[in-house]
Amino acid sequence: MNRHLFTAVLAAGLLGPTAALAAPSQAIENADQPGAKGRAIVEAAEARRSGFGDYRAELEMTLRDPSGREATRRMRIRTLERPAGDWSLIVFKEPKDVEGTALLTHSYATRPDDQWLYLPALKRVKRIASNNKSGPFMGSEFAYEDLSSQEVEKYTDYRYLGDASVDGVAAWKVERRPAYENSGYTRQVAWIGKDQYRLWKVTFYDRKNALLKTLTVDDYERYLEEYWYPHTMVMDNHQTGKSTVLHWRNYRFRNGYTERDFDRNALKRAR
């Protein structure tokens, strides 16, 4: 998992697997309050995700309505790791009516993210306003805010809720509350595996604190001998009965991307 919910979850740091297993595990064991333990778990997971540099991948997105009808879209994504927050660019390839549509996200740990949407039919770049980031991305069950990098500082009131199991995997349950004032969520609960600190599940609660969505993450594979990335994600909306399935393939790391590959001009250059 990386720091994006969309690419699944989720500060700079170059801890390798050996270093990340020792000190963070001890910090988790030594935490004597639910808030301290919850934060220690999340910080350990973030340490395991840091240092990948950049990556690109291909995506297939399937939208399903309550009657079972489906629509499929294909995209590609590239991401650049940055100390202050990762940057990403998503470009639609199919179907024809959305080809060339692109979303650029500049994530920041301690200030609001910047997001722009390029609409090729209008040849126009549209900035996503802060109060619109809880809206659905291209008709999917993923919100714009789900596509941003998920640094620890973007949430408050971390709380360890207890141990749990997800499909036989031992995990910690950690609750977090968005610091972002325009978030569409009051809180989220994440299931983080104890073995490799991988994210397996997240439940999202709306502004009325009612269960809104559940994200399940599966089919992990290890890359660069230390980073675990998923190949399947499912976001179920419990209030509408809709769902979105993401299939990832062809991950490629350390492509030599720079910030210029993620500036606003990159939106129009994307093909």
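The model is a predicted one, in which local features need pLDDT of at least 70, side-chain atom pairs count only at pLDDT 80 or more, and totals for chains, interfaces and linings use all residues. Residues are numbered from 1 along each chain as its sequence is written, and side-chain values use heavy atoms, with hydrogens and water left out.

**Strand E3 and its partners**

I noted that E3 and E4 (residues 102-106) pair in the antiparallel sense over five bridges, where pairing requires that DSSP finds at least two bridges between the two strands. On E2 (residues 70-80), I found antiparallel pairing with E3 over seven bridges, and I recorded Ile90 in E3 as the bridge partner of Ile77. The hairpin of E2 and E3 has six residues between the strands, and Gly85 takes a positive phi near 145° there.

How many of the eight residues of E3 are buried? I counted six in this strand (residues 87-94), so E3 is largely enclosed by the rest of the structure; buried means under 20% relative accessible area, exposed over 50%, and partly exposed in between, with a 1.4 Å probe and protein chains only.

**Backbone exceptions**

I kept in mind that most residues other than glycine have a negative phi and that most peptide bonds are trans. Glu94 and Pro95 are joined by a cis peptide bond with omega of about 0°, and Pro95 is found in the loop between E3 and E4. Met138, in the loop between strand E6 (124-127) and strand E7 (155-166), has a positive phi near 50° and counts as buried at 17% relative accessibility. Asp219, placed in strand E11 (residues 211-223), also shows a positive phi, of about 60°, but counts as partly exposed at 43% relative accessibility.

**Tyr227**

Leaving aside neighbours within four places in sequence, its contacts (heavy atoms within 4.5 Å) include Arg48, Phe52, Glu221 and Arg254. Tyr227 and Ser50 are 177 residues apart in sequence, yet 8.7 Å apart in space, C-alpha to C-alpha. I also noted that a polar atom of the Tyr227 side chain lies 2.9 Å from the backbone oxygen of Ser50, and that the side chain of Tyr227 reaches the backbone oxygen of Gly51 at 3.2 Å.

Definitions and conventions
Helices (H or I, at least four residues) and strands (E, at least two) are DSSP runs, numbered from the N terminus. A polar contact is a pair of N or O atoms within 3.5 Å; within protein, one must be able to donate a hydrogen and the other to accept it, and residues adjacent in sequence count only if both atoms are side-chain atoms.
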